[in-house]
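Morning, everyone. I'll take one model and go through a few local features. Have a look at it first.

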Amino acid sequence: MSVDKQSLLSAARAAAEQAYAPYSQFRVGAALAFADGSMLTAANVENASYGLSLCAETIAVAKAMTDGKRGGLVAIALSGPDVDLISPCGRCRQVLLELAALDGSDPVVWGEGSAGIREWRLSQLLPDGFTA
Ligand code: THU
């Protein structure tokens, strides 16, 4: 199953436009692609109590799990139009791993900021990650 990088990044870019980020002004969009051909998106949602803010990737994983997804995660695209470079925060790496580990996949991760696109595998971003 190959995922079109530009299409997934474009979905992440569109998702970033729906970010609710009045406190940080830092919009993030995430798009997840699955082996069955499905795709979903999310964006960060902040709170007046700053620490309660939710990252785009975490919301995307929650959407996936509540849609019944249990693995099959093949690609993750992130868009951070307000920064040069973007990569998932540490907490999101762990949250993404929970979904990926359900079927032992190691999804590709594309992060696009205003300076360009970077590419990793989730295992590079979180080596020796904690799983059940
Ligand atoms: N944020 C994400 O959505 N994903 C990340 O991986 C890093 C940070 C959000 C959280 C907060 O709304 C804003 O970016 C600034 O930290």
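Is Gln25 buried or exposed? Gln25 counts as exposed, because its relative accessibility is 56%. The cut-offs: buried means under 20% relative accessible area, exposed over 50%, partly exposed in between, with a 1.4 Å probe and protein chains only.

Two housekeeping points. This is a predicted model: local features need pLDDT of at least 70, side-chain atom pairs count only at pLDDT 80 or more, and totals for chains, interfaces and linings use all residues. Residues are numbered from 1 along each chain as its sequence is written, and side-chain values use heavy atoms, with hydrogens and water left out.

Back to Gln25. Its phi is near 60°, positive in a residue other than glycine. Asp128 also has a positive phi, near 55°. Asp128 is exposed, at 82% relative accessible area.

Now the ligand. Residues around it, meaning those with a heavy atom within 4 Å, include Ser24, Phe26, Asn44, Glu57 and Cys89. Polar contacts here are pairs of N or O atoms within 3.5 Å. The side chain of Glu57 has an N or O atom 2.6 Å from a ligand oxygen. For the side chain of Asn44, that distance is 2.9 Å. Cys89 uses a backbone N or O atom, 2.9 Å from a ligand oxygen. Alone, the ligand exposes 370 Å², and the protein buries 79% of that. Those areas come from the Shrake-Rupley method with a 1.4 Å probe.

Last, the helix at residues 90–101, α3. Cys92, Arg93, Leu96, Leu97, Leu99 and Ala100 are buried there. Down the axis of α3, its buried residues fall within an arc of 165°, so they line one face. That arc is taken from the directions from the helix axis to the C-beta atoms.

Definitions and conventions: A polar contact is a pair of N or O atoms within 3.5 Å; within protein, one must be able to donate a hydrogen and the other to accept it, and residues adjacent in sequence count only if both atoms are side-chain atoms. Helices (H or I, at least four residues) and strands (E, at least two) are DSSP runs, numbered from the N terminus. The expected span of a helix is 1.5 Å times one less than its number of residues.
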